[in-house]
Amino acid sequence: MNEVQTNTVPVRQLKTNRGLVKLILLSLITFGIYGLVVMSAVSTDINDIASRYDGKKTMHYLLIVFIFTGLTLGIAPIVWSHRISNRIGNELSRRGINYKFSASTYWLWNVLGALIFVGPFVYTHKLLKSMNLLAADYNEKG
């Protein structure tokens with residue numbers, strides 16, 4: 001009997017080396033351009049990883065930053081961050097990856113945590129770690 005074997009390994013391997021220290025240092029050296037590149041990759045990668053399962057498409061980060069932030073008086077990045085955090089958390093759960101990340105992570109660390117200064121850094125670390133875990137799983141299983 002001939003069985004049809006489907007190849008679930010992705011065509012493109014996603015980066016799994018995102019890190020907070022690297023992001024901060026290279027963003028400083030490049031005057032913020034590296035941060036835009038990393039967040040653009042996050043928005044693209046989550047679409048590659050999750051779209052076929054959840055049927056959603058996250059708007060590209062650069063559109064949010066350069067077009068919709070001004071048009072919505074700063075509301076669009078808040079909504080975008082809430083949604084992408086939830087989407088990443090849902091995909092972590094769907095793939096059985098034991099790491100907690102959700103919109104509450106965004107609100108507690110990035111928004112309320114800004115009051116203690118380190119909160120946004122903790123949120124960014126958790127975001128990058130979540131994406132590294134998802135990318136590694138995607139690179140292995142598709």
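What follows is a set of questions and answers about this chain.

Modeller: First, some ground rules: this is a predicted model, where local features need pLDDT of at least 70, side-chain atom pairs count only at pLDDT 80 or more, and totals for chains, interfaces and linings use all residues. Residues are numbered from 1 along each chain as its sequence is written, and side-chain values use heavy atoms, leaving out hydrogens and water.

Biologist: Which pattern does the chain follow along the sequence?
Modeller: Helices (H or I, at least four residues) and strands (E, at least two) are DSSP runs, numbered from the N terminus. The chain has 6 helices and 0 strands. Read along the sequence, that gives α-α-α-α-α-α.

Biologist: How much of the chain is buried?
Modeller: Buried means under 20% relative accessible area, exposed over 50%, and partly exposed in between (1.4 Å probe, protein chains only). Of the 142 residues in the chain, the buried share is 37%.

Biologist: Where does α2 bend?
Modeller: α2 has 22 residues and reaches 30 Å from its first C-alpha to its last, close to the 32 Å expected at 1.5 Å a residue (the expected span is 1.5 Å times one less than the number of residues). The bend at a residue is the angle between axes fitted to the seven residues ending there and the seven starting there. For α2 that angle is about 40°, at aspartate 48.

Biologist: What covers the buried residues of α2?
Modeller: Those buried residues include Val38, Val42, Ile46 and Ile49. Contact means heavy atoms within 4.5 Å, and not counting residues up to four places away in sequence, Ile46 touches Ser51, Thr58, Ile84, Arg87, Ile88, Met131 and Leu134. The cover for the buried residues of α2 includes α1 (20–29), α3, α4 and α6.

Biologist: Is asparagine 132 buried or exposed?
Modeller: Asparagine 132 lies in helix α6. Leaving out residues up to four places away in sequence, asparagine 132 touches Lys15, Thr16, Asn17 and Arg18. Its relative accessibility is 13%, so asparagine 132 counts as buried.

Biologist: What is the phi of phenylalanine 31?
Modeller: Most residues other than glycine have a negative phi. Phenylalanine 31 sits in the loop between α1 and α2, and counts as exposed because its relative accessibility is 77%. Its phi is positive, near 55°.

Biologist: And where is leucine 73?
Modeller: Leucine 73 also has a positive phi, near 55°. With a relative accessible area of 78%, leucine 73 is exposed. Its place is the loop between α3 and α4.
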